[in-house]
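Please keep the sequence and the 3D view open as you read.

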Amino acid sequence: MENNLQQEEISREYFEPYYADAEDAEKIARPSLSYWKDARRRFLSNPIASTASVILLVIILFAVFAPMLSPYTYDQNNWMLSNQPPSREHIFGTDSLGRDLWVRCWEGARVSLLIGVVVAFVNASIGILYGGISGYVGGTTDHIMMRICEIMAAVPQMLWVTLLVIVMQPGFLPIIIALSVTGWIGMARLFRGQVFQIKESEFVMASRTLGTGKLWIIFKHLVPNAMSPIITSMAFAIPSAIFSEAFLSYIGLGLPLPFASWGNLASDGANVFLIHPYQLLFPSILICITMLCFTLIGDALRDALDPRMRK
């Protein structure tokens with residue numbers, strides 16, 4: 001009995017009830033963040049992705065302004081300065097025709113980056129439309145559309161690209177068309193799977209009940225809710241397109257001379273690599289760094305946009 005009284009006294013002495021004020025009880029301890037703000041916060045908190053973004057931004061700025069600020073042009077020949085090593089006047093040296101490699105590398109960056117971004121955007125647009133219709137309509141339509149994708153994917157993409165570039169003649173637009181003919185298949189399959197998960201949601205059923213058209217539902221409801229995998233896929237599609245363009249230019253199916261691209265520069269540098277290795281080294285380093293930056297950014301976007309990793 002005494003022990004019980006002693007315990008009661010201790011509990012009264014050391015444990016007092018806390019009467020919280022109504023405003024303090026409803027106060028939000030952590031600021032509320034939207035999905036995209038939280039994704040941006042997690043992306044910026046990734047040091048590797050932040051570093052890759054800064055490096056990629058620097059490459060883009062050099063690609064835009066370096067050819068404009070240089071006294072040389074990408075197609076300016078000077079036989080007296082052919083095959084000059086890197087120097088203060090020619091930072092990356094010159095090629096066999098005396099053209100400044102600094103300007104040609106950044107001019108090639110313009111072409112390669114533009115092709116990569118345009119191809120990724122075209123593939124995403126076609127894939128979203130095709131995969132959205134296939135997944136939303138379903139049934140026989142979905143079966144037929146997916147069989148068409150499988151038939152096209154049965155032929156390696158690079159074979160499609162090579163044949164189309166040969167038929168249409170090498171050039172900027174033919175490369176974009178060739179890379180976009182089958183490049184959208186992966187995006188279509190990805191978005192189709194997302195549509196199957198979202199199309200039975202309550203907000204989609206409500207919109208359908210009100211008589212909304214299929215294309216409106218796809219672009220108004222389905223696309224925004226599947227934006228995270230779309231953005232991630234596009235981030236990985238850009239370096240793939242850059243490498244494909246460089247490969248085509250390397251084998252002589254890229255942009256015609258005297259236009260510059262990283263593939264053309266690498267091809268010319270490979271011919272004289274044993275004598276003048278710098279002519280291959282600089283464009284190859286730029287290709288590798290750019291592809292690595294896009295890959296790291298894509299990995300970070302995949303983690304940042306994953307709602308399961310939200311804290």
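How many disulfides does the structure hold? The count is 0. Please keep in mind that this is a predicted model. Cys149 is buried, because its relative accessible area of 0% falls under the 20% cut-off. Cys288, on the other hand, is exposed, because its relative accessible area of 53% is over the 50% cut-off.

**Aromatic pairs**

Let's turn to the rings. Across the whole structure, a search finds 6 aromatic pairs. One of them joins Phe62 and Trp102: their ring centres are 5.8 Å apart and their planes stand at 90 degrees, so this pair is edge-to-face. Phe62 belongs to helix 4 while Trp102 belongs to helix 5 (residues 101-137), so the contact ties together parts of the chain that are 40 residues apart in sequence.

Phe62 also pairs with Trp106, and here the rings are stacked, with 5.1 Å from centre to centre and 25 degrees between the planes. This second pair again links distant parts of the chain, with Phe62 in helix 4 and Trp106 in helix 5, 44 residues apart.

Which residues do ring pairs link into a cluster? They are Phe62, Phe92, Trp102, Trp106 and Phe282.

How much of these rings' residues can be reached from outside?

| Residue | Relative accessible area | Class |
|---|---|---|
| Phe62 | 33% | partly exposed |
| Trp102 | 17% | buried |
| Trp106 | 5% | buried |

Both tryptophans are classed as buried because their values, 17% for Trp102 and 5% for Trp106, are under the 20% cut-off.

Helix 4 has another feature to look at. Leu57 is placed in this helix, which covers residues 47-69. Which residues make the nonpolar surface patch? Leu57, Ile60, Leu61, Val64, Phe65, Met68 and Leu69 make it, and its area is about 690 Å². Leu57 itself is partly exposed, because its relative accessible area of 49% lies between the 20% and 50% cut-offs.

Notes. Residues are numbered from 1 along each chain as its sequence is written. This is a predicted model: local features need pLDDT of at least 70, side-chain atom pairs count only at pLDDT 80 or more; totals for chains, interfaces and linings use all residues. Side-chain values use heavy atoms; hydrogens and water are left out. Patches are made of residues with over 30% relative accessible area and no salt bridge: like charges are joined within 9 Å, nonpolar side chains (Val, Leu, Ile, Met, Phe, Trp, Tyr) within 5 Å. Accessible areas come from the Shrake-Rupley method with a 1.4 Å probe; for residues, only the protein chains shown count as cover. A salt bridge is a side-chain nitrogen of Lys or Arg within 4 Å of a carboxyl oxygen of Asp or Glu. Helices (H or I, at least four residues) and strands (E, at least two) are DSSP runs, numbered from the N terminus. Buried means under 20% relative accessible area, exposed over 50%, partly exposed in between (1.4 Å probe, protein chains only). Rings of Phe, Tyr and Trp (its six-membered ring) pair if their centres lie within 6.5 Å; planes under 30 degrees apart count as stacked, over 60 as edge-to-face and the rest as tilted. A disulfide is a pair of cysteine sulfur atoms within 2.5 Å.
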